[in-house]
Amino acid sequence: MKAVVITSPGGPEVLQVQEVENPRIGDDEVLIKIGATALNRADTLQRKGSYPPPEGASPYLGLECAGTVESVGKNVTRWRVGDEVCALLSGGGYAEKVAVPAGQVLPVPRGISLIEAASFPEVACTVWSTVFMMSRLSAGETLLIHGGSSGIGTFAIQIAKHQGARVFVTAGSQEKLTFCKGLGADVCINYKTEDFVARVKEETGGKGVDVILDNVGGPYFQRNLNSLNVNGRLFIIGFQGGTVTEANLGCMLARRLTVQAAGLRTRSPENKALIVSEVEKNVWPAIAAGKVKPVVYKSFPLYEAAEAHRLMESSNHIGKILLIP
Ligand SMILES: NC(=O)c1ccc[n+]([C@@H]2O[C@H](COP(=O)([O-])OP(=O)(O)OC[C@H]3O[C@@H](n4cnc5c(N)ncnc54)[C@H](OP(=O)(O)O)[C@@H]3O)[C@@H](O)[C@H]2O)c1
């Protein structure tokens, strides 16, 4: 089969389509013929050599896909050859075929095309597991999403609104904020021209928000703590600004704050299967009802993976970028 190979760690130009061996499936796995895969920010880190695949994972990029089941392992009962599915991967999406544990496979949501379905597995599993399963955001609470126009952000806005939360977002341009507003965001903050802490305080009568989903890390740590309400929860899923910081933790005690962080990729297959089943139960009906829509900015053929990475690293996109083998 054809797959995108990282010829050596480096810039987007190191990505090249090459002929590689077909993946072999285990007894509990499904082989998917890929119709589309989607980029994730982590792919750019893996390309540069700073985010190696976990042990046993495919050496190729790609954390999610949609496609058609081509064969199933002998212990797999739910999926049949020919089923149209999408899947959460530990790697291997930038290819024509991928082997994946059956527990990480989902049906294509009703009303969504096979290609668009590739935009959902990673964002849905990340946001559902962090904001809802771990931080337990509930209806009536407030959520601040940093990077509101990102793949993660555009999904998080929609599902949090659907769950009855009041949603705040930050983004780096008016165009991105207007898009977030169109998805349902209530309070849109341009972090380049406004102080998000002051704006959060102003919009919440001085209280702060209940949950923050953060992709920036170190440079935002103190300001995130300062933006939280009593019993507030800060959830860190990325370190786009860096991992190191110095902070005054005094406010954590007084306001009983929780700080948590988690990655999806290194979880066990059992743990991923649990998240995937919760996503199917809680998120798939919202997609089928049209309450959560795919946000696809642009699709590229697989052989233009380098161009797709350049677009992601420019941060000019809104939502997801797809690759079509
Ligand atoms: N923990 C997990 O399991 C997990 C899973 C998936 C994703 N993530 C993380 O979630 C974040 C979003 O991922 P994604 O795939 O949705 O990314 P994405 O679509 O590429 O969006 C990232 C956005 O972050 C903003 N940004 C903020 N600071 C930045 C900086 N220093 N450099 C570049 N951009 C910056 C940019 O928008 P502005 O113009 O508004 O700055 C950019 O569009 C990433 O940090 C990713 O690593 C974590």
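**Strand pairing in the sheet**

Modeller: Arg233 stands opposite Thr258 in S13. This is a predicted model, where local features need pLDDT of at least 70, side-chain atom pairs count only at pLDDT 80 or more, and totals for chains, interfaces and linings use all residues. Residues are numbered from 1 along each chain as its sequence is written.

Biologist: What makes S12 and S13 a pair?

Modeller: Two strands pair if DSSP finds at least two bridges between them. S12 and S13 are joined by 4 bridges and run parallel, so they meet that definition. Strands (E, at least two residues) and helices (H or I, at least four) are DSSP runs, numbered from the N terminus.

Biologist: How do you know that S11 pairs with S12?

Modeller: There are 5 parallel bridges between S11 and strand S12 (residues 228-236), against the at least two required. Asp214 stands opposite Ile236 in S12.

Biologist: Why is the unit of S11, helix H7 and S12 called right-handed?

Modeller: With the strands pointing away from the viewer, a right-handed crossover runs clockwise from the first strand over the helix to the second. S11, helix H7 (residues 221-226) and S12 make a β-α-β unit of that hand, so the path from S11 over H7 to S12 is clockwise.

Biologist: What is the strand order of the open sheet, and which are its edge strands?

Modeller: The 6 strands are ordered S10-S9-S8-S11-S12-S13, with parallel pairing. Strand S10 (187-190) and strand S13 (258-261) are the edge strands, because each pairs on one side only.
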